[in-house]
Amino acid sequence: MQSLKDKINGLAKALGKNTADPQDYTDYQTLRKQYEMQANAEVKQAQQVSKNQRISTLHGRSDLNPKWTFANLVEDSDDVIEAVSIAHSFIAAHEDINWRNAGSHMMIFYGDYGRGKSHIAGAIAHQLIDQYEITVLYRQLSTLLELRYSSYDFGAQDNVGQKFREAHQELLNVDLLILDEVCVNETMLKKNTQSWLGNLLRQRLVNKKNCILITNHNLSELEMALGRYCFESIKEYDTYKVRFAGPSRRKGLVADDSEQAAQPPAYQPNQLR
């Protein structure tokens, strides 16, 4: 004699309907967990895609050389090895929210041409963007000053004044400002330029924004070139100095044996004040 279950299955087959296998049955709680896991995976994937897009945008707006990474850096002298160690410490400090909110920090990279100053500064910036989505702006000071001087040309037809105001606002707002070639070929900036740069640094200080200054001057020459007002602005930061004294890493047209002699490192972590 057929059971009720067999009769129902027989009727279903006669009507051309599939009969459910009890082993295929999934309870509500299991289904809910499966859907939640799938939804969470999709949310994480969307968040990662969004993060990658934000990071890509930050890299694009930073104006950094994409080759300036730690992976592309050759640590072939003591000063570079020391500078890389300091750089990693600076990057790691960003993990601490209290450190970020404690004040403004400035690193001064100084030394002759081709020693790797800009490369290491750029490597710091790239990693800060990747790890913490820090906004970064790399600018050569001479380029900013040219734009600033041009902004006084009231007869200009290319809105250079508006462009400089927008550029200045960006200099104030960005989390990490890298100023390269500070006072290059300058024994002393003009007084109004000293005031402008000093005010820029002081405003960034108040807003707890960090800076990296890169210069070919030694520190005494840099103080003279920037002027007392501007240099006093720098002293207000938690300021650390790294001197690059090793051989040039740029391939010259003529080999210079004097550049091959490595000099001892000169990291000076003490503050300027």
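**Helix packing and selected residues**

Helices H6 and H8 are roughly perpendicular to each other, a label used for angles of 65 to 115 degrees, where under 35 is roughly parallel, over 145 roughly antiparallel and the rest oblique. Before the details, some housekeeping. This is a predicted model, in which local features need pLDDT of at least 70 and side-chain atom pairs count only at pLDDT 80 or more, while totals for chains, interfaces and linings use all residues. Residues are numbered from 1 along each chain as its sequence is written, and side-chain values use heavy atoms, with hydrogens and water left out.

The protein chain has 10 helices and 6 strands; these are DSSP runs numbered from the N terminus, helices being H or I with at least four residues and strands E with at least two. Of its 273 residues, 39% are buried. Buried means under 20% relative accessible area, exposed means over 50%, and partly exposed lies in between, with a 1.4 Å probe and protein chains only. Taking contacts in the protein chain between residues at least 6 apart in sequence, 83% join residues at least 24 apart; contact means heavy atoms within 4.5 Å.

Back to the first pair. H6 covers residues 141-150 and H8 covers residues 191-206; they pack at about 115°, with their axes 12 Å apart. Axes here are lines fitted to C-alpha atoms, for helices over the stretch in contact, and angles run from 0 to 180 degrees between N-to-C directions. On the H6 side the contact residues are Leu141, Leu144, Leu145, Arg148 and Tyr149, and they meet Asn192, Thr193, Trp196 and Leu197 of H8. By type, the residues of this H6 and H8 contact are 6 nonpolar, 2 polar and 1 charged. The nonpolar class is Ala, Val, Leu, Ile, Met, Phe, Trp, Tyr, Cys and Pro, the charged class is Asp, Glu, Lys and Arg, and the others, Gly among them, are polar.

Leu144, Leu147, Arg148 and Ser150 of H6 make the contact with Val160, Lys163, Phe164, Ala167 and Leu171 of H7. The residues of the H6 and H7 contact divide into 6 nonpolar, 1 polar and 2 charged.

Which residues of H8 are buried? They are Thr193, Gln194, Trp196, Leu197, Gly198, Leu200, Leu201 and Arg204. The 16 residues of H8 should span 22 Å at 1.5 Å a residue, and the end C-alpha atoms are 23 Å apart, which agrees; the expected span is 1.5 Å times one less than the number of residues. After H8 comes lysine 208, with a positive phi near 55°.

Two glutamates also have a positive phi. Glutamate 133, not a glycine, has a phi of about 55° and sits in the loop between H5 (117-132) and strand E2 (136-140). Glutamate 133 is partly exposed, at 24% relative accessible area. Glutamate 181 likewise has a positive phi of about 55°, and its place is the loop between E3 and H8. Its relative accessible area is 28%, so glutamate 181 is partly exposed.

That E3 to H8 loop also holds valine 184, which counts as buried at 18% relative accessibility. Its C-alpha atom is 6.9 Å from that of threonine 215, 31 residues apart along the chain. Leaving aside neighbours within four places in sequence, valine 184 is in contact with Tyr113 and Asn216.

Not counting residues up to four places away in sequence, methionine 224 touches Thr187 and Met188. Methionine 224 and methionine 188 are 36 residues apart in sequence and 6.2 Å apart from C-alpha to C-alpha.

Last, serine 77, in the loop between H2 (28-62) and H3 (78-93). Serine 77 counts as buried at 4% relative accessibility. Apart from neighbours within four places in sequence, serine 77 is in contact with Gly246, Pro247 and Arg249.
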